[in-house]
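Keep the sequence and the 3D view open as you read.

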Amino acid sequence: MQGPDGIEWRVSPGLTDYAAALREMEARAGAVAAGDARELIWLLEHPPVYTAGTSADPSELVDPRFPVVPAGRGGKYTYHGPGQRVGYLVLDLNRRGRDVRCFVHAVEGWVIAALARIGIAAFRAPGRIGIWTIDAAGQEAKIGAIGIRVRRWVTLHGFSVNLSPDLADFGGIVPCGIAEYPVTSAQAIGKPCDDATFDAALAFTASAFLDSLTCDGEIEA
């Protein structure tokens, strides 16, 4: 499917094995770097899995009840599973601006803008990577994670957003190394949303996300 700015926009139905997705994403990134393939935005879900970033601390793997897979991205442990929308971004920063900090900031802004489209007020939290909102108890809670790798100035990995996962499944790890704050979901805060609706919100805000990679401005919801 054709996405904005000539990017392939791919939506995979059902559950996609994490290790298989990782292999395909890495192959695509190599092809993009070589000029042999288009950039890719890939939306999917995984079976339950814990993924370990390059800074993962073994003490934060509390209960390995699901497979644990090295991810190659930055960050610590995270969880993927049914009810969580994952977006993999294979984008060429050679043509969009060689600024990794700008890229991460822009991804955060894109997810925040998409969540606003479905009625969820989300925000960045200084010193805490990821996407945050106020949960049903009135406290700050994490609703989305960001994990990025850049190789030959082509990006890999991307974001995950909790729409309706079983939040108990996060209990086997210290999510992203942050023990002081809980995780939440769209469903848990009374804003249920299916994949198709959230995908449409991402598509609506995608062009603004790509434009923001120059770090000239924020994405508007």
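Two strands count as paired if DSSP finds at least two bridges between them. Strands (E, at least two residues) and helices (H or I, at least four) are DSSP runs, numbered from the N terminus. The model is predicted: local features need pLDDT of at least 70, side-chain atom pairs count only at pLDDT 80 or more, and totals for chains, interfaces and linings use all residues. Residues are numbered from 1 along each chain as its sequence is written, and side-chain values use heavy atoms, with hydrogens and water left out.

**The sheet**

Start with β1 and β2 (residues 40-44). They run parallel and share 4 bridges. Within this pairing, E8 faces L40 of β2. Both strands belong to an open sheet of 7 strands with mixed pairing, in the order β1-β2-β6-β10-β9-β8-β7. β1 (8-11) and β7 (123-125) are the edge strands, each pairing on one side only. From one strand to the next, the twist averages 20°.

**The helices**

Helix α1 (residues 18-33) lies across β1, β2, β6 (84-90), β9 (140-151) and β10 (154-162). It runs at about 140° to β10. Helix α4 (residues 195-211) also packs on the sheet. α4 touches β1, β2, β6 and β10, and its direction makes about 165° with that of β1. Contact here means heavy atoms within 4.5 Å. Axes are lines fitted to C-alpha atoms, for helices over the stretch in contact; angles run from 0 to 180 degrees between N-to-C directions.

**Aromatic pairs**

The structure holds 10 aromatic pairs. Rings of Phe, Tyr and Trp (its six-membered ring) pair if their centres lie within 6.5 Å; planes under 30 degrees apart count as stacked, over 60 as edge-to-face and the rest as tilted. Two of the pairs are W42 with Y88 and Y50 with F66.

| Pair | Type | Centre to centre | Angle between planes |
|---|---|---|---|
| W42 and Y88 | edge-to-face | 6.1 Å | 65° |
| Y50 and F66 | tilted | 5.5 Å | 55° |

W42 lies in β2 and Y88 in β6, so their pair ties together parts 46 residues apart in sequence. W42 is buried, with a relative accessible area of 3%. Buried means under 20%, exposed over 50%, partly exposed in between (1.4 Å probe, protein chains only). Y88 is buried too, at 4%.

**Charges over rings**

Which residue lies over the face of W42? R10 does, at 4.8 Å from the ring centre. Likewise, the charged end of R117 sits over the ring of F204, 3.6 Å from its centre. The test requires NZ of Lys or CZ of Arg within 6 Å of the ring centre and within 35 degrees of the ring normal.
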